[in-house]
Amino acid sequence: IWAQGVEARGCTVEDHFGAGFGTPCASMEGHEPDYYSLIGVDKQATLHEIRSKFRAKVLQEHPDKGGDPKMFQMLNKAYNVLTDAEKRKRYDSTGKADKSAEDEFIDGFNGGRLRFEPREKAADSQAIVSLEDRIITGQPSHQEGFEAWLRMRDQNAMVLTDQDFLKTHLFNSAELATEMAHKTPVHHVLGAPKTDAYGQPLAGAVQPQAKPRALKKTLEHDEVVVRMLSVPVDDAMLYPDLKKSGVCLGNFGIGRIEQIGSRIDDFKAEDPVLVMPKPAKYSLEKPIGTARTLLPCSKDDVIKVPQGIMEELTPEQIAMTPIIAASYQILEIYATKLKPGDSVLLNGPHLGCAGTSMLQLCKLLKLKPLCIVSLAGFPRNLAKGEWGTKQAWQDVDVASMATPQARMQYERISEALHELGAEEVFPDAVALLRWRDRNQRMLPKLALDGIASGDSAEQLIHCLQSGDKDAQVVLYGPGNAQPLD
């Protein structure tokens, strides 16, 4: 309308603004030139066509060959925009190649959740509805209006589960909760971290204590109560990263369903289950607490155990399956380059199920496990100095003797490890290196450290084949390993 008024006064829009009005011009604020016309391609041009046309154009407009420097710069910018997928998409949609300050703010706010894709320019004409069109077509039907409303909705927000209904209070979860059948307190194994003089928690084994504690009064709709049958005393229980006292220990175990929530259909009373929550849900700082008589937990934290497995294995054996599976995976990852007859060094295999599992798996794989069993009461003989040299161990004083009690304990543990598949058992790394030197045996390429302290890892490195690029030490124990000098 304004342009028609200008022309009614005897001049054209071009006369009012100049001959350049209405054509793409880089000097117009807020607008950018037609990059497709600059290079000489259409909007559907491929990258190959854009590159070919750009090379021809840029050679003509090169300043060294008498071309226009401004046109040369614009050609380079057009090429950069049209060969970048994201910039080209933005340019085709909005006519702008670079993000504005508003776009940058929207993308950075709340992870870009408010970002929406702008519609194409061709869709603008379809979005304009005149009064004449409305009169001719009439009011849309109820179904057409409902479909238009659905198209404007966020599709992800329309997918709702029963959990979403409960979270949005469409159902009152308190009404779905049931009263806990067991009223009296049950035994809990609670852990407390050792602390320093200032009350700060220290690393190391926790101090366990059994105490009766009352259960909560109600059971949520998606929870079950598990009567625990067996809980493994593993590194996760003995060495949790507790920050306070009174935390119930244990991350998994085997039990039977004692009580179920009101909305649970896939479990029933006395079903055998393996309590094994997802790692992201619980941590060593806050375990689920399986070391108790009755455990209320979510149904997502338990796995049903087939009845056939319960008949073949004892609850104690089933409780160890996560540890055995982890031990198998460690060997599957790190022992791939070993061959039958090769040696594997195990440090502290007597300390838990993981070590004894690896020992038995090595025997099944026809590997030769060499075990180091460090006990209190034995002299502390350490290999020191350069790795792979005799000077690191041959000058160590081994005249000191172990106490009789420690010697008896060592012989009992050695006998048990030999029955499980150990080829040799040693009290320390120096004894292993002396045995290897006397018998001219090859040192192992793989060492599995079940203690995982700085000293233990350094001693195992002394016992590996020197100069072998495939030799490695794997730390899986509970200690706090520190970088080696």
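Start by selecting helix α20, residues 454–462, and show its side chains. Its buried residues pack against β11 (343–347), β12 (368–372), α19 (429–439), β14 (446–449) and β15 (472–475). The buried residues themselves are G454, S456, A457, Q459, L460 and H462. Here "buried" means under 20% relative accessible area, "exposed" means over 50%, and partly exposed is in between (1.4 Å probe, protein chains only). Contact means heavy atoms within 4.5 Å. The helix and strand labels are DSSP runs numbered from the N terminus: helices are H or I with at least four residues, strands E with at least two.

A note before you move on: this is a predicted model, in which local features need pLDDT of at least 70 and side-chain atom pairs count only at pLDDT 80 or more, while totals for chains, interfaces and linings use all residues. Residues are numbered from 1 along each chain as its sequence is written, and side-chain values use heavy atoms, with hydrogens and water left out.

Next, click on S343 in strand β11. S343 is buried, with a relative accessible area of 10%. Leaving aside residues up to four places away in sequence, S343 touches K368, L370, M442, P444 and K445.

Now go to K337, in the loop between α16 (321–334) and β11. K337 is exposed, at a relative accessible area of 60%. Show the side chain of D470 too: the side chain of K337 makes a polar contact with it at 3.2 Å. A polar contact is a pair of N or O atoms within 3.5 Å; within protein, one must be able to donate a hydrogen and the other to accept it, and residues adjacent in sequence count only if both atoms are side-chain atoms. Then try the distance tool on K337 and L446, which are 109 residues apart in sequence and 9.7 Å apart in space, C-alpha to C-alpha.

Time for the sheets. Select the five strands of the open sheet with the order β9-β5-β7-β8-β10, where the pairing is antiparallel. Two strands pair if DSSP finds at least two bridges between them. β9 (294–298) and β10 (302–304) stand at the edges with a single partner strand each, so one side of each has no neighbour in the sheet. Within this sheet, six bridges join β5 (residues 223–230) to β7 (residues 253–260); look for S230, whose bridge partner in β7 is I254.

A second open sheet has three strands in the order β3-β2-β6, again with antiparallel pairing. Its edge strands are β3 (207–213) and β6 (247–248), each pairing on one side only. β2 (residues 186–192) and β3 pair over seven bridges, and H188 stands opposite K211 in β3.

Finish with two helix pairs. The axes of α5 (residues 69–82) and α6 (residues 85–94) come within 6 Å and cross at roughly 100 degrees. Axes are lines fitted to C-alpha atoms, for helices over the stretch in contact, and angles run from 0 to 180 degrees between N-to-C directions. That makes α5 roughly perpendicular to α6. Angles under 35 degrees count as roughly parallel, over 145 as roughly antiparallel, 65 to 115 as roughly perpendicular and the rest as oblique. Show N80, V81 and L82 of α5 with K87, R88 and Y91 of α6 to see the contact.

Last stop: α17 (residues 353–364) and α18 (residues 404–420) pack at about 40 degrees, with axes 9 Å apart, which makes α17 oblique to α18. Here T356, L359, Q360 and K363 in α17 meet L417, E419 and L420 in α18.
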